[in-house]
Amino acid sequence: VVNPEPASAYDELLANIQLAESVGYKYLFVIEHQSSPYPGISAPNVFLASVARATTSIRLGAMVYQLPFHHPVLLAQEISTLDQLSRGRVDFGIGYGVAVEEFESWGIDFAQRRSVGVEAMEIIKAAWADRKFSYDGTYWQLKDVYVQPPPYQQPHPPLWMGGHSTASFDYAAEHDIDLAQNIDVEDVIAEKFAYYHREWKKYGHARKRPRTMLVRHVHVAETDEIALAQAQPFMREGLAGQRGINLAREARPDASPERKEVARIYSESTKGYDFWVGEGLAFVGSPKTVTAGIEAQRKLIGYDVLLAHHHITTMPDELVNKSLRLFGERVIPAFSDAVAM
C-alpha cells in the first residue's frame, strides 16, 4: 500500500522553501525530532540534500541537530557532504535535545545528553580539521579514522548553539559559537542574550561580536483584522499545537527551571493571541504592524537574525504561503540582513 502523505508534505515544504528564496529569505532551518508524534524532520540531512539541489542561494541547516542521537563521525561527514552539495551554504546548529520521551525510546540516557553532546562536538571538529584522526573519549574510542569529504567552507560551516540554560550559553561563549533561542518570552531572552555576550567577551575571540538568532511565529495579512481572524483559531491550540507534548511530564518536580518555564509557556500559549503577542512570541498583523513589532523587539533584545516560523500549528498551507509571500515582499526589505525561515 502506497502512503502518499509524507511525499506530498515534503513536496509542499520544498515549494515553501523555493518561494521563500524567491522573495528574499536568507536562511532555511528545519528542526530534528526522533521518536516523536509531532511534526519534525527525522532525517534532516536527507531532506536538506534535496533542498540544496532545489535552491541556489538560501543558506540551510537544522536548528538543531540533536547530537546524542548521532555518531559524530558520520554526522561530520554528512554535514561536509551537504556543504559540498550546496557549495558552501550550510550552517550547523547544535543542541542536545529537550524531550525525555525521545531519549527513552532510543535507550539513551537523558541525564548524560550534555556530556555526550560535548564529546560529540569535539569529534566533529576533529573530523573537519584532519582527514585522519584518532580519539579516546568516554563515549567513543576511535582509531585512525579516515574522513571524507572535507567541508566546502573552511575550516568548517558556521556554528550555532540552540540552548536555554546557562551551561549552554557558557559553552557557546567559550567556543565562539553563535547562539539561537526560541521559546522564552522576550524579557527573559533579552537577559539571556546579554549574559551570553558578556561571557563571550571574556574569551578574547578574534571576531568583533557573535551573532544571535531568535525564532518567532509570524502571520501577515493585508490588514490587522484579517491577520488576527486568520491566525487566532490556530494560536488557541498553543505553541505545542497538536504535537502531543506531555506538558505534565515536562513540568515534573525534578525538572530544571528552564524546562518548567518551557512547560509554563506552552500551557499559557493556549490562551491565544494576547499571550503570544503580549509576550513577544509572535508577530501577527499587516506588513506595517509586523515590521513595527520586529523593530521594537530587536531594539529590546538586540538579535541579528529572525527565524520567521509561518506554520502556526495546523494552519493550512494556503494561508502560510500568503503570509510568507507578504512577509518577503513587504517586511523583509526593512531587515534584509536579518530574516530567516
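**Close-ups of a predicted model**

**View 1. A look into the second largest pocket.** The residues lining this pocket split into 7 nonpolar, 5 polar and 2 charged. Keep in mind here, and in the views that follow, that the model is predicted. The space inside the second largest pocket comes to about 160 Å³. As background, rolling a probe the size of a water molecule over the atoms shows where empty space is left.

**View 2. Helices α6 and α7 crossing.** Here we have α6, running over residues 166-174, and α7, running over residues 186-201. Two packed helices are described by the angle between their axes and the distance between the axes. For α6 and α7, the axes come within 8 Å and cross at roughly 35°. Is this crossing left-handed or right-handed? The crossing of α6 and α7 is right-handed. On the α6 side, look for T166, F169, D170, A172 and A173. They meet K192, Y195, Y196, E199 and W200 from α7. Sorted by class, the contact between α6 and α7 has 6 nonpolar, 1 polar and 3 charged residues.

**View 3. A salt bridge between D91 and R59.** The side chains of these two residues meet in a salt bridge, with 2.6 Å from N to O. Why does the pair tie together parts that are 32 residues apart in sequence? Because D91 lies in the loop between α3 and β4 (92-95), while R59 lies in strand β2 (residues 59-62). Across the whole structure, a search turns up 12 salt bridges.

View 4. Now find the peptide bond from M63 to V64, which is cis, with omega near 15°. V64 belongs to the loop between β2 and β3 (65-66). Another cis peptide bond runs from Q154 to P155, with omega near 5°. Where does P155 lie? Look in the loop between β6 (141-146) and β7 (159-162). Finally, check out R87, a residue other than glycine whose phi is positive, near 55°.

How values were computed
Residues are numbered from 1 along each chain as its sequence is written. This is a predicted model: local features need pLDDT of at least 70, side-chain atom pairs count only at pLDDT 80 or more; totals for chains, interfaces and linings use all residues. Side-chain values use heavy atoms; hydrogens and water are left out. Axes are lines fitted to C-alpha atoms, for helices over the stretch in contact, and angles run from 0 to 180 degrees between N-to-C directions. Helices (H or I, at least four residues) and strands (E, at least two) are DSSP runs, numbered from the N terminus. A crossing is left-handed if the near helix is turned anticlockwise from the far one by less than a right angle, and right-handed if clockwise. Contact means heavy atoms within 4.5 Å. Ala, Val, Leu, Ile, Met, Phe, Trp, Tyr, Cys and Pro count as nonpolar, Asp, Glu, Lys and Arg as charged, and the others, Gly among them, as polar. On a 1 Å grid over the protein atoms alone, a cavity is a set of points where a 1.4 Å probe fits but cannot get out, and a pocket is an open set with protein on both sides within 12 Å along at least five of seven lines; lining residues have an atom within 4 Å of a point. Grid points are joined across faces, edges and corners, and a volume is the space filled by probe spheres set on the points. A salt bridge is a side-chain nitrogen of Lys or Arg within 4 Å of a carboxyl oxygen of Asp or Glu.
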